[in-house]
Amino acid sequence: MDRRTPTTEPAAARRGETLLNDIEYRFRLMGQGPHPLSVDGRGLGHGLPRRAIALPELSAILMHPSCGYAARDAVWRLLVQRARTGDPAWRAGAVGVALPGLRFKAYLLSKLFTGDVQAAIVEHFLRALGTVELDRPGVVGHLLSAAFSKARAELRDLEPASSGEPSHAPGAVLPPASYGHPDLVLARAVAAGVITVGEAELIGATYLEDVSLTAYAERTGQPRWNLYKRRTAAVARLKAAIESGELSDPYADAVNEATAILVLDAPTARKRP
């Protein structure tokens with residue numbers, strides 16, 4: 001990832017608007033050629049293909065609802081360990097595999113701040129690679145949550161004084177349509193006003209990132225019971241919006257995945273609040 005400072009203001013603005021797209025382009029190049037950057041699925045186990053898996057394919061596998069938490073954690077422990085060797089290719093590869101989640105977090109930040117949210121989320125994700133605890137479940141969830149929290153604090157400090165109304169960064173965009181992932185539905189729900197940014201972050205962390213409600217409460221300093229009530233109400237609105245067709249779009253598969261994962265799955269099937 002080339003982080004060199006452009007020489008003109010317009011170029012800098014364009015870079016801020018397209019950073020994640022640029023990363024995705026280079027990430028996809030990693031999956032091409034005779035020796036793509038890959039992991040050994042046979043050694044990882046947990047139902048992953050028993051062969052070399054190029055990182056772009058690996059990212060798609062991890063996003064699929066059939067991929068279990070154990071497989072995700074096994075992959076992410078390996079990716080973090082390789083990123084910690086300092087090899088730029090593996091650090092870039094880890095960012096690439098996490099792109100769907102990073103896009104969603106950048107979108108949420110863009111609803112609050114006018115700064116370069118994409119650069120902030122990527123920078124703090126890279127820092128989190130060096131500090132995340134690998135013996136805890138939900139490795140990628142902890143990575144994304146740490147990056148989001150640190151980026152939010154940094155952007156808040158840099159934000160100019162305003163009327164207090166949420167602002168919208170022109171460079172942060174919705175996740176591209178090619179990602180059939182529940183994060184896309186949450187982003188659409190925020191844009192439609194069905195749920196708030198905070199509710200989307202709460203649902204994403206506790207349902208999609210395998211962060212317990214207790215851990216989320218401790219991290220944010222909010223009462224656990226209040227969070228439970230907020231989440232229950234937000235999920236009810238999300239379910240109603242999905243069922244009414246308010247969030248429908250040409251990418252129905254993404255909506256179906258989100259419905260199955262976020263709404264129809266009883267909370268007790270994953271963890272007790």
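Hi everyone, let's start with a pair of helices: helix 11 (residues 213–220) and helix 12 (residues 224–244) have axes that come within 9 Å and cross at roughly 115°. With the roughly perpendicular class running from 65 to 115 degrees, helix 11 and helix 12 therefore count as roughly perpendicular to each other. Their crossing is right-handed. On the helix 11 side, the contact is made by Leu213, Thr214, Tyr216, Ala217 and Thr220, and helix 12 brings Arg224, Leu227, Tyr228 and Arg231. Please keep in mind throughout that this is a predicted model.

Now for a second pair. Helix 7 and helix 8 (residues 139–158) pack with their axes 8 Å apart, at an angle of about 130°. That angle makes helix 7 oblique to helix 8. Here, too, we have a right-handed crossing, as helix 7 passes helix 8. If you want to find the contact on screen, look on helix 7 for residues including Val117, Ile121, His124, Phe125 and Leu129, and on helix 8 for partners including Leu143, Ala147, Lys150, Glu154 and Leu155.

Which residues have the most contacts inside the largest one? They are Val39, Leu55, Trp76, Ile121, Phe125, Leu143 and Ile195, in a core of 68 residues. Helix 7, covering residues 117–129, gives the most to this core, with 9 residues. A second, separate core has 7 residues, among them Leu202, Leu213, Tyr216 and Leu227.

Let me stay with Phe125 for a moment. Leaving aside residues up to four places away in sequence, Phe125 touches Trp76, Ala94, Val95, Ala98, Leu102, Leu143, Leu144 and Ala147.

Next, helix 3, residues 55–63. Its buried residues are Leu55, Pro56, Leu58, Ser59, Leu62 and Met63. Looking down the axis of helix 3, you would see these buried residues fall within an arc of 160°, so they line one face of the helix. As a reminder, an α-helix has 3.6 residues a turn, so residues three or four places apart point the same way.

One last stop, for those of you who like backbone torsions. Most residues other than glycine have a negative phi. Histidine 46 is not a glycine, yet its phi is positive, at about 60°. Where does histidine 46 sit? Its place is in the loop between helix 2 (41–44) and strand 2 (52–54). Is histidine 46 buried or exposed? Its relative accessibility is 52%, so histidine 46 counts as exposed, given that the cut-off for exposed is over 50%.

Conventions: Residues numbered from 1 in each chain as written. Predicted model: local features only at pLDDT ≥ 70, side-chain atom pairs only at ≥ 80, totals over all residues. Heavy atoms only, no water. Core = buried A, V, L, I, M, F, W, Y, C linked by side-chain atoms within 4.5 Å. Buried < 20%, exposed > 50% of the residue type's maximum accessible area, 1.4 Å probe, protein only. Helix = DSSP H or I, 4+ residues; strand = E, 2+ residues; numbered from the N terminus. Contact = heavy atoms within 4.5 Å. Arc of directions from axis to C-beta. Axes fitted to C-alpha atoms, helices over the stretch in contact; angles between N-to-C directions. Parallel < 35°, antiparallel > 145°, perpendicular 65-115°, else oblique. Left-handed = near helix turned anticlockwise from the far one by under 90°.
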